[in-house]
Each structure stands twice: as structure tokens, then as C-alpha cells.
Amino acid sequence: WKNLNGLWDYAIRPKAEGRPANWDGEILVPFAAESALSGVGKRVGETNRLWYRRTFEVPAEWRTGGQRLLLHFGAVDWRATVVVNDKEVGTH
């Protein structure tokens, strides 16, 4: 088990745009962008998307035996697309 809470890159972009090339800064997960605790304190709004990016290393002992890795997101409130190593792996 690995907790991915902490600082992530974030970007707020219009819905029509694709993945951001540049990031606006860092957001403290698990707090919402609108929250002061997130370090962002900005409203995303209906016409925008909030993008998150995080890198992490999978521990070597998890890579044996062909086992699968489960990502659990505890607070996706509307829509999410998960991309791992530039490959889309799931949508909510």
C-alpha cells in the first residue's frame, strides 16, 4: 500500500484544451483546488478542467509475479481519466 497524498502538479485549463504542456504550480492532495489548504485557492468553474500530474516509483517488490496495481482515488467528484506512462488506463 502506498499513499499518494502530497504535492502534485496542477493546471486549470478550458475544457476544449487537451493535456497541458505547462503546469500552474503545485496542489496539496487531498484538498480541493478551491480550498485554502490545497495551496491553490482558485475556483475551477464549469468551463474549465482541473488537471493533476504526479510521478512515483512502483516498489521493486510489487513488480514480481505479474501482479496488477490498483489505483484508488477517494474524492473524484465528477469525471476523471487516468493516464499512466502516456497510456489511458481508465475513466470514471
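Buried means under 20% relative accessible area, and exposed means over 50%. Anything in between is partly exposed. Keep those cut-offs in mind. By that rule, 18% of the 92 residues of this chain count as buried. One caution before we go on: this is a predicted model.

Let's start with the overall layout. How many helices and strands does the chain have? It has 0 helices and 5 strands. Along the sequence, the pattern reads β-β-β-β-β. Take the C-alpha atoms along the principal axes, and they fill a box of roughly 45 × 30 × 25 Å.

Now contacts. Look at pairs of residues at least 6 apart in sequence. Of the contacts between such residues, 42% join residues at least 24 apart.

Next, the surface. The chain exposes about 7,500 Å². Carbon and sulfur atoms supply 51% of that area. Pick out Val76. Val76 sits in the loop between β3, residues 48-53, and β4, residues 81-84. Its relative accessibility is 30%, so Val76 counts as partly exposed.

On to charge. The chain carries 13 positive and 11 negative side chains. The centres of the two sets lie 3 Å apart. How many salt bridges does a search of the whole structure find? It finds 3. Let's take them in turn.

Here is Asp9 with Arg53. Their closest N and O atoms are 2.9 Å apart. Asp9 lies in strand β1, residues 6-14, and Arg53 lies in strand β3, so this pair ties together parts that are 44 residues apart in sequence. How open are the two partners? Asp9 has 22% relative accessibility, so Asp9 is partly exposed. Arg53 has a relative accessible area of 39%, so Arg53 is partly exposed too.

Now Arg13 and Asp24. Their side chains meet in a salt bridge, again at 2.9 Å from N to O. Arg13 is in strand β1, while Asp24 is in the loop between β1 and β2, residues 25-29, so the pair links parts 11 residues apart in sequence. Is Arg13 buried or exposed? At 15% relative accessibility, Arg13 counts as buried. The value is under 20%, so the cut-off settles the matter. Asp24, at 37%, counts as partly exposed.

That leaves Arg19 and Asp86. Here the N to O distance is 3.5 Å. Arg19 lies in the loop between β1 and β2, and Asp86 lies in the loop between β4 and β5, residues 87-91, so the pair ties together parts that are 67 residues apart in sequence. Arg19 has 49% relative accessibility and counts as partly exposed. Asp86 stands at 68%, so Asp86 counts as exposed.

Stay with that β4 to β5 loop for a moment. We turn to the backbone. Most residues other than glycine have a negative phi. Now look at Asn85. Its phi is near 50°, a positive value in a residue other than glycine. Asn85 is in the loop between β4 and β5. Its relative accessible area is 74%, so Asn85 is exposed. What is the phi of Asp86 near? Phi of Asp86 is near 65°, which is also positive in a residue other than glycine. Recall that Asp86 lies in this loop between β4 and β5, and that Asp86 forms a salt bridge with Arg19.

Move along to Lys87. Lys87 lies in strand β5. At 56% relative accessibility, Lys87 counts as exposed.

Finally, a buried residue in a loop. Find Ser38, between β2 and β3. Its relative accessible area is 2%, so Ser38 is buried. What is Ser38 in contact with, leaving aside its neighbours within four places in sequence? The list is Glu26, Ile27, Leu28, Phe31, Ala32 and Ala33.

To recap: the chain has 5 strands and 0 helices. The search finds 3 salt bridges. Ser38 is buried in a loop, and Asn85 is exposed in a loop. Thanks, everyone.

Terms used: Residues are numbered from 1 along each chain as its sequence is written. This is a predicted model: local features need pLDDT of at least 70, side-chain atom pairs count only at pLDDT 80 or more; totals for chains, interfaces and linings use all residues. Side-chain values use heavy atoms; hydrogens and water are left out. Helices (H or I, at least four residues) and strands (E, at least two) are DSSP runs, numbered from the N terminus. Buried means under 20% relative accessible area, exposed over 50%, partly exposed in between (1.4 Å probe, protein chains only). Contact means heavy atoms within 4.5 Å. Accessible areas come from the Shrake-Rupley method with a 1.4 Å probe; for residues, only the protein chains shown count as cover. Lys and Arg count as positive and Asp and Glu as negative; His and the chain ends are not counted. The place of a charge is taken as NZ of Lys, CZ of Arg, CG of Asp or CD of Glu. A salt bridge is a side-chain nitrogen of Lys or Arg within 4 Å of a carboxyl oxygen of Asp or Glu.
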